[in-house]
Amino acid sequence: MDKKLKFAVIGKPIGHSKSPEIHQDFANQFDVKIEFRKDEVTPETLETWLSDFFKDGGKGVSITLPLKEAALNYADEISDQARLASACNVIYAKDEKIFADCTDGFGLIKDLEENLKVSLEDKKILILGAGGAARGIIPSILERNPSKLKIANRTESKAFSLKKDLGIEVNFRKKNLTFEAGGLSDDFLLSGSYDLIINSTSVSTKAGESIGLPKALFSGTKLAYDLFYSVENTVFMQEALAGGAQKVSDGWGMLVEQGAESFRLWTNLIPDTSRLLEKPID
Ligand code: ATR
């Protein structure tokens with residue numbers, strides 16, 4: 001391919017995004033020439049930005065905060081994953097149409113199953129947080145048939161409404177799944193033990209901040225996974241280790257794997273993620 005394929009990552013803030021480096025690594029594997037922009041875009045400037053990008057021959061866009069919900073409004077076709085999540089992290093042009101998809105759940109499952117060798121089947125899972133990040137991953141988690149899924153959020157009502165929105169999906173999937181929602185009270189959190197605890201809250205983006213979880217929460221936990229990526233262990237990961245979690249992980253692997261899936265949607269090429277998984281980009 002001689003012509004450069006045009007990609008971009010958009011959101012605000014955007015300076016920290018590693019998407020250009022990740023996609024450049026993928027493109028190098030196939031000798032594909034790409035141009036990857038990193039643009040600060042807000043919900044107010046999104047429509048104009050997208051229209052200009054696609055008019056200019058743009059192919060694919062990674063969508064980050066705070067555009068994940070708003071970007072759905074500009075797609076002709078929305079995937080089931082994005083519809084269930086009410087959010088997308090990728091949009092792209094294909095066959096004269098704009099498609100929206102959510103590859104976050106795919107990225108998480110791939111990282112858990114293939115990289116960390118953790119199966120979700122019949123496992124007890126706790127998800128902390130009920131925002132867009134939780135919405136993006138829960139449908140994919142349900143597909144793996146856990147025995148229990150509990151959503152705990154600081155604002156209890158948001159956990160309940162997330163559970164309600166996903167109720168149809170749950171009934172459709174598995175009859176004997178225990179599916180609960182609640183707040184962050186010790187009573188609710190400690191009324192069970194968990195094989196896997198996933199932090200989907202935005203707390204790790206604020207350096208040094210803690211959710212204030214009870215230490216006993218992590219006893220018996222096989223893996224505590226933070227969706228946020230960080231070179232140092234996040235506060236959540238540190239607390240999980242101190243509370244007895246057997247293993248912790250940040251979300252670097254998920255970021256790389258969701259990027260690989262986005263790259264596949266844009267180019268029909270499946271990149272090898274092993275080099276990036278070994279060595280996070282500073
Ligand atoms: P995202 O799309 O990244 O999920 P969001 O929709 O703003 O972003 O959601 C952020 C999540 O982090 C919410 O679940 C939020 O809890 P509330 O619904 O109560 O706001 C959670 N969160 C953020 N800071 C937190 C903190 N210090 N302790 C506990 N939860 C926190």
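Close-up 1. A backbone N or O atom of Gly132 lies 3.0 Å from an oxygen atom of the ligand. This is a polar contact, a pair of N or O atoms within 3.5 Å (within protein, one must be able to donate a hydrogen and the other to accept it, and residues adjacent in sequence count only if both atoms are side-chain atoms). Arg154 places a polar side-chain atom 2.9 Å from an oxygen atom of the ligand. For Lys158, a polar side-chain atom lies 2.8 Å from an oxygen atom of the ligand. In total, 17 residues are around the ligand, each with a heavy atom within 4 Å of it. Asn153, Arg154, Thr155, Lys158 and Glu209 come nearest. The model is predicted: local features need pLDDT of at least 70, side-chain atom pairs count only at pLDDT 80 or more, and totals for chains, interfaces and linings use all residues. Residues are numbered from 1 along each chain as its sequence is written, and side-chain values use heavy atoms, with hydrogens and water left out.

**Close-up 2. Helix α5 against helix α6.** Helices (H or I, at least four residues) and strands (E, at least two) are DSSP runs, numbered from the N terminus. Helix α5 spans residues 132-143 and helix α6 residues 156-165. They pack at an angle of about 35 degrees, with their axes 11 Å apart. Axes are lines fitted to C-alpha atoms, for helices over the stretch in contact, and angles run from 0 to 180 degrees between N-to-C directions. Ala134, Arg135 and Ile138 of α5 meet Ser161, Leu162 and Asp165 of α6; contact means heavy atoms within 4.5 Å. These contact residues divide into 3 nonpolar, 1 polar and 2 charged. Here Ala, Val, Leu, Ile, Met, Phe, Trp, Tyr, Cys and Pro count as nonpolar, Asp, Glu, Lys and Arg as charged, and the others, Gly among them, as polar.

**Close-up 3. Helix α1 on helix α10.** Helix α1 (residues 19-30) and α10 pack at an angle of about 50 degrees, with their axes 10 Å apart. That makes α1 oblique to α10 (under 35 degrees is roughly parallel, over 145 roughly antiparallel, 65 to 115 roughly perpendicular and the rest oblique). The crossing of α1 and α10 is right-handed. From α1, the contact takes in Ile22, His23, Phe26, Ala27 and Phe30. From α10 come Trp252, Leu255, Val256, Gly259, Ala260, Ser262, Phe263 and Trp266. The contact of α1 with α10 has 10 nonpolar residues, 3 polar and no charged.

**Close-up 4. Helix α4 on helix α10.** The axes of α4 (residues 104-115) and α10 (residues 252-267) come within 7 Å and cross at roughly 120 degrees. That makes α4 oblique to α10. Their crossing is right-handed. On α4, the contact residues are Asp104, Phe106, Gly107, Leu108, Lys110, Asp111 and Asn115. On α10, they are Gly253, Met254, Glu257, Gln258 and Glu261. The contact of α4 with α10 divides into 3 nonpolar, 4 polar and 5 charged residues.

Close-up 5. Lys12 and Pro13 are joined by a cis peptide bond, with omega about 0 degrees. Pro13 is in the loop between β1 (5-11) and α1. The peptide bond from Leu65 to Pro66 is also cis, with omega near 0 degrees. Pro66 lies in the loop between β3 (60-63) and β4 (77-78). Ser86, a residue other than glycine, has a positive phi near 55 degrees. Ser86 sits in the loop between α3 (80-85) and β5 (90-94).

Notes
Left-handed = near helix turned anticlockwise from the far one by under 90°.
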